Amino acid sequence: MNTNAPEIHLTPTDLAQRWGVTVGHLANLRSEGKSAVPYLKLGHHCRYRLADVLAYEAQAFVTAVA
């Protein structure tokens, strides 16, 4: 019996909405090799692992300095 929870994947539309950017912007980053988050390329479909997105967001978090 496999007790591992399935991974959650985001579509480019999901990630674009989450980050407030366009799907085209994410596509440009991928095509230029500048994507900050690794992605899966499955045929013509692209998916981002939620765990990778959360890890990137955590390391990109900036706190204000007084």
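Ala27 is partly exposed, since its relative accessible area is 29%, a value that lies between the limits of 20% for buried and 50% for exposed residues. The description given here refers to a predicted model. Ala27 has its place in helix H2, and its C-alpha atom is 11 Å from that of Leu15, a residue from which Ala27 is separated by 12 positions in sequence.

On the H1 side the contact involves Pro12, Thr13, Leu15, Ala16 and Trp19, which meet Val23, Leu26 and Arg30 on the side of H2. Classified by residue type, the contact of H1 with H2 comprises six nonpolar residues, one polar residue and one charged residue. The loop between H1 and H2 contains Val21, which is partly exposed at a relative accessibility of 31%. When residues up to four places away in sequence are not counted, Val21 touches Ala16 and Leu26, and both Ala16 and Leu26 also take part in the contact between H1 and H2.

The packing of H1 against helix H3 (residues 50-60) has another geometry, with an angle of about 25 degrees and axes that lie 12 Å apart. H1 is thus roughly parallel to H3, because an angle under 35 degrees is counted in this way. The crossing of H1 and H3 is right-handed. Leu15, Arg18 and Trp19 are the residues through which H1 makes this contact, while H3 contributes Leu50, Val53, Leu54, Tyr56 and Glu57. The residues of the contact of H1 with H3 are divided into six nonpolar and two charged, with no polar residue among them. Leu15 and Trp19 of H1 are named in the contact with H3, and Leu15 and Trp19 are likewise named in the contact with H2.

The largest nonpolar core of the model consists of eight residues, namely Leu10, Leu15, Ala16, Leu26, Val37, Cys46, Tyr48 and Val53. Two or more residues of this core are given by each of helix H1 (12-19) and strand S3 (45-49). Val37, one of the residues of the core, is in contact with Trp19, Tyr48, Asp52, Val53 and Tyr56 when residues up to four places away in sequence are left out of the count.

With a relative accessible area of 17%, Asp52 is buried, because the class of buried residues is reached under 20%. Residues up to four places away in sequence not being counted, the contacts of Asp52 are with Val37 and Pro38.

His9 is situated in strand S1 (residues 9-10) and is partly exposed, its relative accessible area being 32%. His9 and Tyr39 are separated by 30 residues in sequence, and the distance between their C-alpha atoms is 9.4 Å.

Lys34 is placed in the loop between H2 and strand S2 (40-42). At a relative accessibility of 56%, Lys34 is counted as exposed, because this class applies over 50%.

Methods
Residues numbered from 1 in each chain as written. Predicted model: local features only at pLDDT ≥ 70, side-chain atom pairs only at ≥ 80, totals over all residues. Heavy atoms only, no water. Core = buried A, V, L, I, M, F, W, Y, C linked by side-chain atoms within 4.5 Å. Buried < 20%, exposed > 50% of the residue type's maximum accessible area, 1.4 Å probe, protein only. Helix = DSSP H or I, 4+ residues; strand = E, 2+ residues; numbered from the N terminus. Contact = heavy atoms within 4.5 Å. Axes fitted to C-alpha atoms, helices over the stretch in contact; angles between N-to-C directions. Parallel < 35°, antiparallel > 145°, perpendicular 65-115°, else oblique. Left-handed = near helix turned anticlockwise from the far one by under 90°. Nonpolar A, V, L, I, M, F, W, Y, C, P; charged D, E, K, R; others polar.
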